[in-house]
Amino acid sequence: MNSTPFAGAVQDAAAHVLDAVPEAYACFDSQFRYMFLNRAREQLLGEDRTNLLGQVLWEVYPALVGTRFQENCRRAMAQRVPVMFEDYDEALQRWFAFTATPDSEGGIVLRTVDITGRQQPEVAPAGAAASFDQRAEERTGKPPTRQRSVSRLQHSLLDAAPLENKRQTVADAIVRLFDADFCRIWLIRPGDLCERGCIYAGVRDGPHVCRRRDRCLHLLASAGRYTRIDGPGHRRVPFGCYKIGRLASEEEAKFLSNDVQHDPRIHDHAWARELGLVSFAGYQLRTPGEETLGVLVLFAKHPILADEDALLDGLGSTVALMVKRAAAEESLARRTEELARSNYSLSESQRIAHVGSWSMEVPIGIGVCAWTPETYRLFGVSPDTFVPSAELFQRLIHPDDRASMQAWIGACLAGEEPPDLEFRVGLPDGGVRYILGRGHLVRDAGNQPIRMVGIAQDITERKRAEEKLRLALADLGRSNKDLEQFAYVASHDLQEPLRMVSSYTQLLARRYQGQLDASANKFIAYAVDGANRMQRLIEDLLAYSRVGTRAKGFELIDCTAVLDRALANLKAAIDASGAVVTHGPLPAVVHDNLLLVQLFQNLIGNAIKFHVEAPPRVHVSAEQKGGEWVFAVRDNGIGIDPQYAQRIFTIFQRLHTNEEYSGTGIGLAICKKIVERRGGRVWVESQPGSGSTFYFTVPIGGAGL
Ligand code: ADP
């Protein structure tokens, strides 16, 4: 304490003033040593203050250790906040209101006011009270402490403990303290519809009709006689039915009868007589201004006196408070659990889907950013060390993508709903993660932007696969080009020496006709034939490679004209075989004219070539199916075993020797290439000996280009 003479004088004056006031004051230092007591405190404790000064409170009064009193005083001392509380002093048998106020020296000042008079309920008439006290004393053999016990019970009801236990504690205590025959607590279960298992559900009129079918009273605690709380007849009372149900539904907060055997308000006098009951008391359980939560009732074999009634009424209020608090705690716990559960499933599903979500309050840069755990993972940071903000977020983004991110956020903020943004994030291990960002602006009721919300999806795998595919396609394109180039160059350059071989062998044959022997003529004929075949092979190969190298000359072409041209090219073969080629209506399609002629020519040429005894009959038709034209070239030729249906479209694949049917095995490969170049398909349906039908498709209009 301050030791200047002036301060000392002030302190003395203050001590004098404090000695004059009726409230008890005591000052303690930080160790709870008495530093000062006023006279009222001295009188209250019945101790000379000089004996107490410097003594530690808890050592002088060890009974206070572990009490609510100690807890409150310690709280005021430790937290440096004033704490007000009321408590019952067992030793003095009185109620006190305490105020523990921290002082500037690190201790506390404790003010104590005796409120015993205030705590007492309305006192019953002297005679009646005496009769209760006598009864209590007779019953227990101890002086009456009912009010104290009720107060203690009320305190304990507001502590944290399961509601179920507390309800039973109250019922038991009432039977014990008020010498009741039995006591019961009925609580309303909101939303418990009568139809669900209630024995009164079918009652539509009379005294047993339920007045509120959305509420029902349940017997939830019972003590004394008849403690059974199971069985449909006892368990449940409709709201507004019987005395109990009516008590719950009526405005009157309580009901008391001390003559239940004759009171006209009690309906079953015979029952009351049979049990020897005298009194019935019922109390609505409700907190001020709220709906009834239930009813507390008791029957006794003695009158319930005014002071008992008041105590029970007070107990009813505490029980109501306890039920309400428990319901609030229960719903809070339920919500907390639900929230935890939904948070868990959200973060689990985000983890599995590699999708995180985020929100940024507007204005960006000042407002709070919130990320889900998966978002942290996607950006390669830990929630323990990284606090998301607009600025730090930018730093996580690959430098090359920062500008587009900035522009994207700007567009979102302007309410433009920009398309999803793909960007890269640099990871701590030096790697890169590809993210797809999607976001939009949330506005308040006044249309003011309040925050941006969105998701971040890990698309790294997809990007890698796309990249691989792109490289593979580029590779394939390159090697195809190389191959075509090679085939073209090879076949083109082969033509020249071949022409020499062929023309000189023919010259040899002509010039030395008749001068050479039969074998020499035969050899020359072989050589000429070989050279011719090679010529055809080279021409076909050139044609094959040209399908790929030709510039796309797609235009709308009349297929009838194309067919005419192909038939003109095939005139010699048609005449030689006596083939009849017919056709149905043919459409105009978008295609390359020369390639289409070649396609028809190859298919019809084969249809004529692979014929049987009878003259070849070929029919060309077209049918529209979905978004494409399906062309068919049908013949009556030798047919094809279905097992070769795929193979014949591969280059150089033939099913016959050259002696049987001439050819190079390139024709159908060329057809396939032409059809696919325009996005179509080609296939054959056939059986050996039953003719073949070759189909190919051309997408309608410009589709497939
Ligand atoms: P080529 O006609 O030069 O042998 P293609 O590639 O045109 O080569 O045909 C490959 C093979 O498909 C032919 O050798 C033949 O066995 C079979 N084929 C093609 N068209 C028909 C058809 N219309 N009827 C029966 N078989 C056919």
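Arg678 lies over the face of Phe554, at 5.9 Å from the ring centre. Lys673 does likewise with Tyr544, sitting over the ring face at 4.1 Å from its centre. The model is predicted. A search of the whole structure finds 22 aromatic pairs and 25 salt bridges. The points below pick out some of these, along with strand pairing and some backbone angles.

**Aromatic rings**

- A pair of aromatic rings is described by two things: the distance of the centres and the angle of the planes.
- The search of the whole structure gives 22 aromatic pairs, including the edge-to-face pair of Phe69 and Phe98.
- In this pair the centres are 5.0 Å apart, and the planes make an angle of 70°.
- The pair links distant parts of the chain. Phe69 is in helix 5 (residues 68-79). Phe98 is in strand 4 (residues 94-102).
- Phe69 and Phe98 are both buried.
- Phe98 also pairs with Phe96, and this pair is tilted. The centres are 5.9 Å apart, with 50° between the planes.
- Phe96 has a relative accessible area of 2%, so it counts as buried. Phe98 has 8% relative accessibility, so it counts as buried too.
- One aromatic cluster takes in Phe28, Phe32, Tyr34, Trp58, Phe69, Phe96 and Phe98.

**Salt bridges**

- Side chains of opposite charge can pair when their charged atoms come close.
- One of the 25 salt bridges found joins the side chains of Asp29 and Arg33, at 3.0 Å from N to O.
- Asp29 is buried, because its relative accessible area is 16%. Arg33 is partly exposed, because its relative accessibility is 34%.
- Glu337 forms a salt bridge with Arg341. Their closest N and O atoms are 3.2 Å apart.
- Glu337 and Arg341 both lie in helix 13 (residues 306-353). They are four residues apart, about one turn of the helix.
- Glu337 has a relative accessible area of 49%, so it is partly exposed.
- Asp401 and Arg424 meet through their side chains in a salt bridge of 2.9 Å, N to O.
- This pair links distant parts of the chain, 23 residues apart. Asp401 is in the loop between helix 15 (390-396) and helix 16. Arg424 is in strand 14.
- Asp401 is buried, because its relative accessible area is 10%. Arg424 is partly exposed, because its relative accessible area is 22%.
- A network of salt bridges links Glu422, Arg462, Lys463 and Glu466.

**Strand pairing**

- Strand 18 (residues 580-583) and strand 20 (residues 617-625) run parallel. Four bridges join them.
- His583 has Val620 of strand 20 as its bridge partner.
- Strand 20 also pairs with strand 21, in the antiparallel sense. Eight bridges hold this pairing.
- Gln624 has Trp629 of strand 21 as its bridge partner.
- Strand 20 and strand 21 form a hairpin with two residues between the strands. Gly626 in this hairpin takes a positive phi near 60°.

**Backbone angles**

- Most residues other than glycine have a negative phi, and most peptide bonds are trans.
- The peptide bond from Val362 to Pro363 is cis. Its omega is near 5°.
- Pro363 sits in the loop between strand 12 (355-361) and strand 13 (369-371).
- Glu417 is not a glycine, yet it has a positive phi of about 50°.
- Glu417 belongs to the loop between helix 16 (402-413) and strand 14 (421-426). Its relative accessibility is 52%, so Glu417 counts as exposed.
- Phe652 is not a glycine either, and it has a positive phi of about 70°.
- Phe652 is found in the loop between strand 21 (628-635) and helix 22 (667-677). Its relative accessibility is 46%, so Phe652 counts as partly exposed.

Notes
Residues numbered from 1 in each chain as written. Predicted model: local features only at pLDDT ≥ 70, side-chain atom pairs only at ≥ 80, totals over all residues. Heavy atoms only, no water. Phe/Tyr/Trp six-rings, centres within 6.5 Å; stacked < 30°, edge-to-face > 60°. Buried < 20%, exposed > 50% of the residue type's maximum accessible area, 1.4 Å probe, protein only. Lys NZ or Arg CZ within 6 Å of the ring centre and 35° of its normal. Pairing = 2+ DSSP bridges. Salt bridge = Lys/Arg side-chain N within 4 Å of Asp/Glu carboxyl O.
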